[in-house]
Amino acid sequence: MFNSLLAASYRTPVLLHSASKSVYIYDESPAEGNRQHASRVAVISGGGAGHEPAHAGYTGRGMLSASVSGDIFASPSATQILQTLYLASSSGACASEAEQTTSVHGWKDVLVIINNYTGDRLNFGLAIEKALASSQINVGSVVVADDVSLLQSTLDGEHHSRKSLVGARGLAGNILVCKILGAFAQRGSDLALVKLLGDAVVHSLASVGIGLGHCHVPGRELSSSSATVTLAEEECEIGLGLHNEPGVVRKRMEGPDKLVGEMLDLIMRSKGTGAEFLRVSSREKSDSTDDTVLFVNNLGGMSQLELGALLDEVLGQLASIGVHPMRVYCSAYMTSLNAPGFSISILNISSVDRFLSASSIWNASASVLDLLDDPTDAVAWVGVSRWPMKRNGRDTKEDDISAGKGATPLLPEPTRDIRQMESASGRAERGIRSACEYVLLQQDALTEFDTILGDGDCGNTFGTGARAILNILDRGSVNVTRMAPHQLIKFLGDVLEDRMGGTIGALLAIFLTAVSASLKDSPEHWGRALIAGLKSLGKYTPAKPGDRTLIDALAPFCETLAQDENDLENAVDVTRRGAESTRSMPAVLGRAAYVTLPKDVENLPPDPGAWGVLAIVEGLVRGLSDGN
């Protein structure tokens, strides 16, 4: 834990105080009167370790003046917190009242941000009382209690307050509070206003967490009791905290849409009295809908890919009810070691404004959005400091369509001799469908082969391309019977390029594009066109037969038909032999080249790319033959 704090001090413009396990900003002249917008309030926070980058990563100008860490998932002691409080107030000049010297130009007031956990409340509270009793420092505090899951006794539609004396826990919304209050203090606001703003933000903040499993705390042995927190493969826990404790409810997952919907429903009803958390107006009066900030936190064990997909789902569901966040934040802000889970927080900034306007002392002009956008030295804050325009709820689906996302390739113009072409094109469509179906039958085998000697995505890549083509044909969005051969081949290449992706998608797209170009000039010479496709591939990949790639299957197929365009059965045979021959080949290209082969190479699977080409060829020839 100490080493983690030390590392944080290397990456940020802060100093480490070893005795208190805190990091702080050092300023030689914090309170000179001629400094414009001199900060008069130091904002501090902290908690147990295991939540990194919180809170050391959020220590820096424009955010926290100092932060303190306890042991893993344990509150820092009151002594640690008191030392941190003095460091923040003196801008790093001293860590206790006894160390006061003339080098301290002026003592700042201190605003303490506390997460609502019993240990934190007690230890931070004791430190504050000691500071108030024995020094000239003015100290205020804000308690973050944004977890709404504990306010609901059931998650089956009956929402009412759970009887509890501890109240809602503090979750990742703590980091939003740190950013807003740190920026406000940096602008020179006094303690009363900083605390008032903090109370308004906490009042208008709601969060709920979800977990797919629990983290393992370093140094603790796995006991038999760990079985009680082991989740089944399709189970999750709603209402997860930050300290590896079980969630409020364990249930079976029914898809990300329902899961996100349930989480948002908890937030929307989080007042506990039936009142709505957000004012959402009808589409006719969308201007009166409350403005919001969306804050999605990774608990440490989710990939960026998964988190991005969840963010899209959250935004989509909010948009469906007319809520369009003015700012969107998504990262690992406050973790629970490596726990596989996330939390959703919504800050109702219209509610913040209403809270502040009801106060007689509020006279500041800074908005919550301005404070979120203010710059900070804190290295872990992931956000932007400038937004080009007001986020007012664009329709992402319409934007995606206009941008061409997922668009079907344009239909070619009808060609001449349509009646003559329809017979051949109908046979071609049967071949294409059969090729796609053969690929889908082999998808699991391709995945298995690629898992042994690759990254395991080959089956999914081939399957994605096959399903894309079948979906387009099934929808009738293209009329294959009106396509000349070169148009049909180009169409297939465009679909594979757009939908398959990866190395295989690019290779097949290059091959088909070159075949199409050759057929356009000589529509009767298929064999020549296939060789042209092979030559075109040779410009962009050094792969040759014998290198354990899809070329081992594709090359003999093309060369056989170049000699006799009607010899389809022999073409299938040589393609199969080429694919089978890759079993004993060492790989010199692709990810398989990085894998050390065992001595017994006879038991290795074939190259998945070559096997995928074989599936295409077998299905294609079967479909073409069935039409005769």
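# Cavities, pocket and backbone features

The largest cavity in this structure holds about 50 Å³ of space. The model is a predicted one, so please keep in mind that local features need pLDDT of at least 70 and side-chain atom pairs count only at pLDDT 80 or more, while totals for chains, interfaces and linings use all residues. Residues are numbered from 1 along each chain as its sequence is written, and side-chain values use heavy atoms, with hydrogens and water left out. The largest pocket has a volume of about 1500 Å³. Here is a tour by topic.

**The largest cavity**

- A cavity is found on a 1 Å grid over the protein atoms alone, as a set of points where a 1.4 Å probe fits but cannot get out.
- Grid points are joined across faces, edges and corners, and a volume is the space filled by probe spheres set on the points.
- By this rule there are three cavities of 30 Å³ or more.
- The lining of the largest cavity (residues with an atom within 4 Å of a point) consists of Gly46, Gly47, Gly48, His51, His55, Asn115, Tyr117, Asp120, Leu242, His243 and Met334.
- Strand β3, residues 41-49, gives the most to this lining, with three residues; helices (H or I, at least four residues) and strands (E, at least two) are DSSP runs, numbered from the N terminus.
- By class, this lining has three nonpolar, seven polar and one charged residues, where Ala, Val, Leu, Ile, Met, Phe, Trp, Tyr, Cys and Pro count as nonpolar, Asp, Glu, Lys and Arg as charged, and the others, Gly among them, as polar.

**The largest pocket**

- A pocket is an open set of grid points with protein on both sides within 12 Å along at least five of seven lines.
- The largest pocket is lined by 47 residues, and those nearest its centre are Ala428, Ile489, Trp526, Leu620 and Leu624.
- Two or more lining residues come from each of α11 (418-441), α13 (458-475), α14 (485-499), α15 (502-521), α16 (526-540), α17 (551-563) and α19 (608-626).
- Helix α11 supplies the largest share of this lining, at 11 residues.
- The lining of the largest pocket divides into 36 nonpolar, seven polar and four charged residues.

**Backbone geometry worth a look**

- Most residues other than glycine have a negative phi, and most peptide bonds are trans.
- Glu52 and Pro53 are joined by a cis peptide bond, with omega about 15 degrees; Pro53 sits in the loop between β3 and β4 (66-72).
- Another cis peptide bond joins Ala54 and His55, with omega about -10 degrees.
- His55 is also in the loop between β3 and β4, and His55 is one of the residues that line the largest cavity.
- Phe73, a residue other than glycine, has a positive phi near 60 degrees and lies in the loop between β4 and α2 (78-89).
- Phe73 is buried at a relative accessible area of 14%; buried means under 20% relative accessible area, exposed over 50%, and partly exposed in between (1.4 Å probe, protein chains only).
- Leu337 has a positive phi as well, near 55 degrees, and is placed in the loop between β11 (327-331) and β12 (341-348).
- With 24% relative accessibility, Leu337 counts as partly exposed.

- Strands β5 (residues 109-115) and β6 (residues 139-144) pair in the parallel sense over six bridges; two strands pair if DSSP finds at least two bridges between them.
- The chain runs from β5 through helix α3 (residues 118-134) to β6 in a right-handed β-α-β crossover.
- Right-handed here means that, with the strands pointing away from the viewer, the path from the first strand over the helix to the second runs clockwise.
- Within this pair, Leu111 has Gly140 in β6 as its bridge partner.

**Cysteines**

- The structure holds zero disulfides, a disulfide being a pair of cysteine sulfur atoms within 2.5 Å.
- Cys178 is buried, at a relative accessible area of 0%, and Cys558 is buried, also at 0%.

**Two residue pairs**

- Ile469 belongs to helix α13 and is buried, with a relative accessible area of 7%.
- Ile469 and Val495 are 26 residues apart in sequence and 6.9 Å apart in space, C-alpha to C-alpha.
- Phe2 lies in helix α1 (residues 2-11) and is partly exposed, with a relative accessible area of 32%.
- Phe2 and Leu16 are 14 residues apart in sequence, and their C-alpha atoms are 9.8 Å apart in space.
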